[in-house]
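Let's take a walk through this model, strand by strand and then helix by helix. Have the structure open and turn it as you read.

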Amino acid sequence: MAKSLMHHIAKTLIGGLTFIGLSMPVASAPKVRSASEFYHVGGETADEIRQDMNSKSTIQENGAQYDASTKWNVKWNLRWAEANGQCEITQVKTTVDVRYVFPKLESPGSIPKRLRQQWERYLAALLLHEHEHKNIGVRAAKKIESEIKNLAARRSCSQLEKEANRLGN
């Protein structure tokens with residue numbers, strides 16, 4: 001049962017819940033595409049598992065090593081229409097590409113039940129934490145979409161496109 005619960009949590013969080021928190025009236029929900037990678041860890045005690053994670057994790061940033069990682073990238077696609085010498089935005093769609101990296105216990109069935117439960121609690125907390133990093137990307141996409149949609153009309157579509165890309169970057 002614990003395995004199916006962890007599978008459900010991982011599927012829900014990694015699979016991409018639609019972000020509900022931040023509400024911007026002109027921005028629709030961005031499309032979220034996610035992919036996960038895993039590095040395998042093992043051990044018969046919590047200390048052995050920790051040592052194995054420390055030796056196998058390649059996730060480093062600013063000189064610190066981490067157990068998991070979330071990287072995101074926002075892309076936008078816009079359409080415009082030209083009328084009466086003016087060009088205006090008619091549609092903006094954003095996509096957030098998310099890449100997760102997590103540790104995965106090699107043989108959870110071979111460790112004591114208490115240690116397995118401790119691992120499952122840790123992994124659940126780690127999934128929630130990384131999901132919040134994804135939410136930062138979703139909020140950034142919503143902000144980009146909103147700002148581009150609210151651009152005033154320009155004399156040329158190339159000028160409008162340059163301004164939209166400047167806002168997105």
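Start at N77, which stands opposite K93 in β5. What you have here is a predicted model, where local features need pLDDT of at least 70, side-chain atom pairs count only at pLDDT 80 or more, and totals for chains, interfaces and linings use all residues. Residues are numbered from 1 along each chain as its sequence is written, and side-chain values use heavy atoms, with hydrogens and water left out.

Strands β4 and β5 pair in the antiparallel sense over 15 bridges. (Strands are DSSP runs of E, at least two residues, and helices are runs of H or I, at least four, numbered from the N terminus; two strands pair if DSSP finds at least two bridges between them.) Two residues sit between the strands of this hairpin, and there N84 takes a positive phi near 50 degrees.

Now look at strand β1 (residues 31–41), which pairs with β5 (residues 86–105) in the parallel sense over eleven bridges. Along this pairing, E37 stands opposite V101, and the bridge partner of Y39 is P103. Put together, the three strands form an open sheet in the order β1-β5-β4, with mixed pairing. β1 and β4 are at the edges with a single partner strand each, so one side of each has no neighbour in the sheet. From one strand to the next, the twist averages 15 degrees.

What lies across the sheet? Helix α3 lies across β1, β4 and β5, running at about 170 degrees to β5. Angles run from 0 to 180 degrees between N-to-C directions, and axes are lines fitted to C-alpha atoms, for helices over the stretch in contact. Helix α4 (residues 157–168) lies across β4 and β5, at about 160 degrees to β4.

Helix α3 (residues 113–149) also packs with helix α2 (residues 46–56), at an angle of about 40 degrees and with the axes 11 Å apart. From α2, the contact (heavy atoms within 4.5 Å) is made by A46, I49, R50 and M53, and from α3 by L115, Q118, W119 and Y122. These residues divide into six nonpolar, one polar and one charged (Ala, Val, Leu, Ile, Met, Phe, Trp, Tyr, Cys and Pro count as nonpolar, Asp, Glu, Lys and Arg as charged, and the others, Gly among them, as polar).
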